[in-house]
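Subject: Handover of a model

Hello,

Please find the sequence and the structure below. My notes follow; what else would you want to look at?

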Amino acid sequence: MLRGTPIASTKYNYCQISRTAVGVTFRQNDADVYGRSGSDIDAQMATALSQLMVGLDQDIIEGRRHPGTAAADPGTFGGLDYFIDTGVDSATNVTDLSSAALTEKTLADLFQSVFYKVGNNMGKVLLVDAWTKRKINAFWQPGVRQTRSENVIGTVVDKIATDFGEFEVFMHQGVPKGKAFLINPSYVELGHYGSRGRWNTRPLPVTNDTVEEEIYGDYTLKVKNAVAMGKIQEISQSA
């Protein structure tokens with residue numbers, strides 16, 4: 001019997017449970033509060049859900065893949081920073097500037113490197129931190145021409161036109177300082193585990209004089225073809 005030799009390996013991920021409970025007293029829940037429509041528990045749950053979604057958004061970028069060992073050490077999914085890394089895939093495009101300043105050439109070299117590997121399937125969205133966005137805005141300031149009647153000055157670069165295509169530049173507060181990610185949204189997908197994996201609420205047993213509910217979600221991130229994306233890290237935050 002012949003056994004085939006695998007020529008590719010599948011990049012897997014784990015699911016991650018996010019949950020939080022909210023409780024308010026019966027009196028507070030039934031009270032009419034100025035400026036609020038509905039019950040207090042609904043308002044508190046909406047706030048809690050917003051906080052959970054911010055955390056999930058952060059994990060999509062910075063999450064670390066971990067299988068989990070117990071309730072006190074739960075499993076977590078890996079994010080973009082984890083999968084777009086040579087430690088996970090040696091063919092991934094990672095540029096380490098070692099605290100040097102970002103330049104136009106740095107970006108062009110990354111675009112070219114990805115282009116030669118996957119062609120037009122390469123990522124065309126550049127996620128950056130605030131400093132990197134300021135640097136990109138400044139690259140083309142000398143070439144900006146404005147009329148004398150213009151009463152607003154400044155340069156904001158949201159797209160970069162190159163020989164490798166047009167790249168969108170998107171500043172995100174969740175991107176770690178000193179990093180930038182070139183992604184193809186078609187290869188990144190947020191998934192949930194089963195029918196209960198989507199954000200959902202459920203009542204909790206009554207204790208004392210409170211009404212309590214819980215928000216629960218079980219999500220993971222699918223990152224495919226990481227070689228079509230890239231990362232620049234250790235970007236100077238002062239030069």
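Trp199 has a relative accessibility of 22%, so Trp199 counts as partly exposed (buried is under 20% relative accessible area, exposed over 50%, partly exposed in between, with a 1.4 Å probe and protein chains only). This is a predicted model, in which local features need pLDDT of at least 70 and side-chain atom pairs pLDDT 80 or more, while totals for chains, interfaces and linings use all residues. Residues are numbered from 1 along each chain as its sequence is written, and side-chain values use heavy atoms, without hydrogens and water.

Aromatic pairs

The model has 7 aromatic pairs (Phe, Tyr and Trp rings, the six-membered one for Trp, with centres within 6.5 Å; planes under 30 degrees apart are stacked, over 60 edge-to-face, the rest tilted). In one of them, Phe139 and Trp140 are edge-to-face, because their planes stand at 75 degrees, with the ring centres 5.6 Å apart. Phe139 is buried, at a relative accessible area of 16%, and Trp140 is partly exposed at 33%.

The pair of Trp199 and Tyr219 is tilted, since the planes make an angle of 50 degrees; the ring centres are 5.2 Å apart. Trp199 belongs to the loop between strand E7 (188-192) and strand E8 (200-203), and Tyr219 belongs to strand E9 (residues 210-223), so this contact ties together parts 20 residues apart in sequence (helices, H or I of at least four residues, and strands, E of at least two, are DSSP runs numbered from the N terminus). Tyr219 is buried, with a relative accessible area of 9%, whereas Trp199 is partly exposed.

Elsewhere, Phe115, Tyr116 and Phe164 are joined by ring pairs into a cluster.

Charges over rings

Two contacts of this kind are worth a look in the viewer. Lys124 places its charged end over the ring of Phe167, 5.8 Å from the ring centre (NZ of Lys or CZ of Arg must be within 6 Å of the centre and within 35 degrees of the ring normal). Arg196 lies over the face of Tyr216, and the distance to the ring centre is 5.6 Å.

Salt bridges

The number of salt bridges is 9 (a side-chain nitrogen of Lys or Arg within 4 Å of a carboxyl oxygen of Asp or Glu). One of them joins Arg64 to Asp81, with 3.5 Å between the closest N and O atoms. Arg64 is in the loop between helix H2 (40-62) and helix H3 (80-83), while Asp81 is in helix H3, so that the bridge links distant parts of the chain, 17 residues apart. Arg64 is partly exposed at 44% relative accessibility. Asp81 is buried, at 7%.

Another salt bridge is formed by Asp85 and Lys231, whose closest N and O atoms are 3.3 Å apart. Asp85 is partly exposed, with a relative accessible area of 23%, and Lys231 is buried at 1%.

Which residues make up the network of salt bridges? The members are Arg64, Asp81, Asp85, Lys179 and Lys231.

The bridge between Lys105 and Asp109 has its closest N and O atoms 2.6 Å apart. Both residues are in helix H4 (residues 104-118), and because they are 4 residues apart there, about one helical turn separates them. Lys105 is exposed, at 57% relative accessibility, and Asp109 is partly exposed, at 37%.

One more residue

Arg134 is part of helix H5 (residues 130-139). Is Arg134 buried or exposed? Arg134 counts as exposed, with 55% relative accessibility. Between the C-alpha atoms of Arg134 and Asp40 there are 42 Å, and the two residues are 94 apart along the chain.

Regards
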